[in-house]
Amino acid sequence: MTNPDHPSAPRAVRARRAELLDRLRDLFLAEGFAHFTLGELAARLHCSKSTLYTLAGSKEQLAVRVVAHYFRCATEEIEGAVAEVDAPAARIRLYLEAAAAALRPASRQFIDDMAANPATRATYEANAHAAADRIRGFIGAGVRQGAFREVHAALVAEMVGRTIAGIQRGEIGARTGLSDAAAFEALSRFLIGGLTAGQPEEEQQ
């Protein structure tokens, strides 16, 4: 059988699959996915179950594919925003702002379902690790350019990655009362404020 997502597949077929993935992503973000059956998903999307089976062979595989699609689209948007600036501090700020914007449509049910499913949780954790790696790169570049204080970039990035994961899981909001967007904004201010190179302590006294 021809892979409908393969470049050789008819353009109309690939466009239909891409549209279905986008609609599934939006539905999952709004309502979660654990409670849906394939039949219910087909009804909500006004398509057949056989059409969904062209995307994945089972409901769990479909969930994994849609979650991966969500993170892939979010990453493209985030990287697009970051590509517009060169200053290390601005790149970190825009990265976290774009991450907050990408997460904003995600309902608590979606976050909970994603965390409860081992397969989708693996995708989610890989995304958090990738975010930490990106932050580490920004910090390292800032230190080399003299824009940031001398810090252990890997340690700071690990702390930031854990905080991002906590925001995505809803733990930060539950403990602080902050919205996810406000938590990302606070993290950005805290991180950039701590990294920005200033006067030596002897001159500040």
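Is R16 buried, partly exposed or exposed? Select R16: at 27% relative accessibility, R16 counts as partly exposed. (Buried means under 20% relative accessible area, exposed over 50%, partly exposed in between, with a 1.4 Å probe and protein chains only.)

Before moving on, note that this is a predicted model, where local features need pLDDT of at least 70, side-chain atom pairs count only at pLDDT 80 or more, and totals for chains, interfaces and linings use all residues. Residues are numbered from 1 along each chain as its sequence is written, and side-chain values use heavy atoms, with hydrogens and water left out.

**Stop 1**

E19 and R16 form a salt bridge, with the closest N and O atoms 3.4 Å apart. (A salt bridge is a side-chain nitrogen of Lys or Arg within 4 Å of a carboxyl oxygen of Asp or Glu.) The two residues sit three apart in helix α1, so about one helical turn separates E19 from R16. (Helices are DSSP runs of H or I with at least four residues, numbered from the N terminus.) E19 is partly exposed, at 38%.

Next, pick D22 and R25. Their salt bridge has its closest N and O atoms 3.5 Å apart. R25 is buried, at 17%, while D22 is partly exposed, at 29%.

**Stop 2: α1 against α4**

Show residues 11-31 (α1) and 59-82 (α4). These helices pack at an angle of about 95 degrees, with axes 9 Å apart. (Axes are lines fitted to C-alpha atoms, for helices over the stretch in contact, and angles run from 0 to 180 degrees between N-to-C directions.) That makes α1 roughly perpendicular to α4. (Roughly perpendicular covers 65 to 115 degrees; under 35 is roughly parallel, over 145 roughly antiparallel, and the rest oblique.) Contact means heavy atoms within 4.5 Å. Among the residues of α1 that meet α4 are L21, D22 and R25.

**Stop 3: α7 against α8**

Jump to residues 118-145 (α7) and 153-169 (α8). Here the angle is about 140 degrees and the axes are 8 Å apart. The two helices are therefore oblique to each other. In α7, the contact residues include Y124 and I139; in α8, they include V160 and I164.

**Last stop: E158 and R162**

The side chains of E158 and R162 meet in a salt bridge (3.1 Å, N to O). E158 is partly exposed, at 35%. R162 is exposed, at 59%.
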